2 protein chains.
Amino acid sequence: MRMKPDCIPCFLRQVVNALRLSSIDDSEIERAQREVMTYLLSSEWDLSPPEIDYVVQRIIRSYAGGDPYREVKRRSNDEALSIYGECKRIVESSEDPLRTAVKLAIAGNVIDFGPYTSYDLKGTIDRVLKSDLSIDHYPLLKEKFQKASRILYFSDNAGEIVLDKLLVETMLSLREVKITFVVKGGPMINDATLEDFHYVLSDVGGVEVRTVSNGEEGTGPDRRSGEVLRWIREHDLVISKGQGNYEILGDFNGIFHMLLVKCPVVAADLNASVGDIVLIYR
Amino acid sequence: MRMKPDCIPCFLRQVVNALRLSSIDDSEIERAQREVMTYLLSSEWDLSPPEIDYVVQRIIRSYAGGDPYREVKRRSNDEALSIYGECKRIVESSEDPLRTAVKLAIAGNVIDFGPYTSYDLKGTIDRVLKSDLSIDHYPLLKEKFQKASRILYFSDNAGEIVLDKLLVETMLSLREVKITFVVKGGPMINDATLEDFHYVLSDVGGVEVRTVSNGEEGTGPDRRSGEVLRWIREHDLVISKGQGNYEILGDFNGIFHMLLVKCPVVAADLNASVGDIVLIYR
């Protein structure tokens, strides 16, 4: 998916939001914004939003003196872990535990500091559990899951990863499958990294972890690379969480995308509306 | 009031919103955004937001081939005119007609295509009538009004101008006053212009109209000019509607500012919150 003019103000808003987290003063934020605009003017805009955002976030980190979302990610994990037990009971007592776990994992996608500055996790869980999916390819997911032995799972945000853990555990409890769980190999907004994986999923057996690039060298292969395409082809069932992954992996076929629609650009691409709950096979 | 880094994404969002109104295609919007960013990079940021916005809106109009808000303004006027009778009855039957008209005029400030892409006029009127003002200098306004013979009224948006008309008429019905009503001398977002004044207030006697600059030559004196300061000093009571006027006229003292707080930058300057209803004397 290619970026739209709507993405430009969004990148510049992220500069303010991220640097305010680090209590950077306004004159430094102005310098960061000028650097981001200089980059935007020098680049072509026919890329996917995350590809532009790699550079924007790198500039943000250089002004923040590190990862400005570190504390936010830890808090998001802890908040989600505090309701994990309750969510697990909802899944286990439901008629179709896989479907319920899928819906909860999509609800977890509300934890996202790219488009948002705050979120309502409990409210979103209630809403998602009560609602139908706007695009619902669950029957096909279930069918493919029944035959799958190798599952590839692209995670999105910290905090959300707790609900991904619940879906992973639900899948492991239903069939003998091997799950490859993908996180970012370095900081990128509040995306889950290896640190979050170990903090949240360390007690889950039978899960291999891999990293994809955050746009910096040595953090893993780019999601658009031949190597990642090979991973996708080597697995029987591929799950991709969230807008950022959709914006890049949506160009490959054979993937189940699970996300809350948070911005008009993604909404238009999916022929959906902002706020929709989507499970789409492409 | 000086701009903040938060204003930068807001300017660039206005480029997208305004040009989408004119059905300009994305490649042209990209060109306009690049021109706006080039201007932002070349300018100092220690100005008030409207001073930067003069240039941004001029660039927008050059891509739109005219005023992209023309149709929106006409629709806003018509929508507000359709509830004018009802609002007039509310004022006339209220215990303190001046106070009720002031509150309705502030509610009208919700009609604003700078921060918003849509608004809920009726819902806002209900909310404002039921709520207290977050900052309420009405007693001082009433006191000054009782002695005033010359009133200067800086209007803000088209549509909103219908509720300003109601306040103007209420003041004229209560005392023998001379009212000078100020609009923009040329297009600037959805701000009221002479066209809107004549469309909405043509049947009100005893009102003189003046224009202030929209940032282009020949549209009237700049709101920060000595000439406008002289207008302010020559009147006994000065009312200023909306955020844009507050951002510029807030530097002068002796003015009643009436506004809905719509963005965190103005909220911080007023020590208020986004969504607050404010009548402040400064």
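Biologist: Glu160(A) first. Buried or exposed?
Modeller: Keep in mind that this is a predicted model. Glu160(A) is buried, because its relative accessible area is 0% and the cut-off for buried is under 20%.

Biologist: Which residue forms a salt bridge with Glu160(A)?
Modeller: Lys241(A). The closest N and O atoms are 2.8 Å apart. Lys241(A) sits in strand β5 of chain A and Glu160(A) in helix α9, so to speak distant parts of the chain, 81 residues apart.

Biologist: And Lys241(A), buried or exposed?
Modeller: Buried, with a relative accessible area of 0%.

Biologist: How many salt bridges over all chains?
Modeller: The structure holds 44.

Biologist: Switch to chain B. What does Lys165(B) meet in a salt bridge?
Modeller: Asp203(B), at 3.0 Å from N to O. Lys165(B) is in helix α9 of chain B, and Asp203(B) is in the loop between α10 and β4. They are 38 residues apart.

Biologist: How accessible are those two?
Modeller: Lys165(B) is buried, at 5% relative accessible area. Asp203(B) counts as exposed, at 56%.

Biologist: What about Asp96(B)? Which side chain does it meet?
Modeller: Lys142(B), in a salt bridge of 3.1 Å, N to O. Asp96(B) lies in the loop between α5 and α6 of chain B and Lys142(B) in helix α8, so the pair ties together parts 46 residues apart in sequence. Lys142(B) is partly exposed, at 30%.

Biologist: Now the interface. How many residues are in contact?
Modeller: 21 residues of chain A with 21 of chain B. The two chains bury about 1900 Å² between them, 64% of it on carbon and sulfur atoms.

Biologist: How many salt bridges between chain A and chain B?
Modeller: Four. One joins Lys4(B) and Asp26(A), at 3.1 Å from N to O. There is also a network of salt bridges linking Lys4(A), Asp6(A), Arg20(B) and Asp26(B).

Biologist: And polar contacts between the chains? How many residue pairs?
Modeller: Twelve, both residues being at pLDDT 80 or more. On chain A, the elements giving two or more residues to that side are α1 and α2. α2(A) gives the most, with nine residues. By class, that side has ten nonpolar, three polar and eight charged residues.

Biologist: How can chain A be laid on chain B?
Modeller: By a turn of 180° and a shift of 0.0 Å along the axis, with an RMSD of 0.0 Å. The two copies are thus related as by a two-fold rotation axis.

Biologist: Which residue of chain A comes closest to the rotation axis?
Modeller: Pro9(A), with its C-alpha at 2.1 Å. The same surface serves both copies, as 100% of the contact residues of chain A recur in chain B.

Terms used:
Residues are numbered from 1 along each chain as its sequence is written. Chains are lettered from A and ligands numbered from 1 in the order in which they are written. This is a predicted model: local features need pLDDT of at least 70, side-chain atom pairs count only at pLDDT 80 or more; totals for chains, interfaces and linings use all residues. Side-chain values use heavy atoms; hydrogens and water are left out. Contact means heavy atoms within 4.5 Å. Buried area is the accessible area (1.4 Å probe) that two parts lose on being put together, summed over both. A polar contact is a pair of N or O atoms within 3.5 Å; within protein, one must be able to donate a hydrogen and the other to accept it, and residues adjacent in sequence count only if both atoms are side-chain atoms. Helices (H or I, at least four residues) and strands (E, at least two) are DSSP runs, numbered from the N terminus. Ala, Val, Leu, Ile, Met, Phe, Trp, Tyr, Cys and Pro count as nonpolar, Asp, Glu, Lys and Arg as charged, and the others, Gly among them, as polar. Copies are superposed by least squares on the C-alpha atoms of residues with pLDDT of at least 70 in both. Buried means under 20% relative accessible area, exposed over 50%, partly exposed in between (1.4 Å probe, protein chains only).
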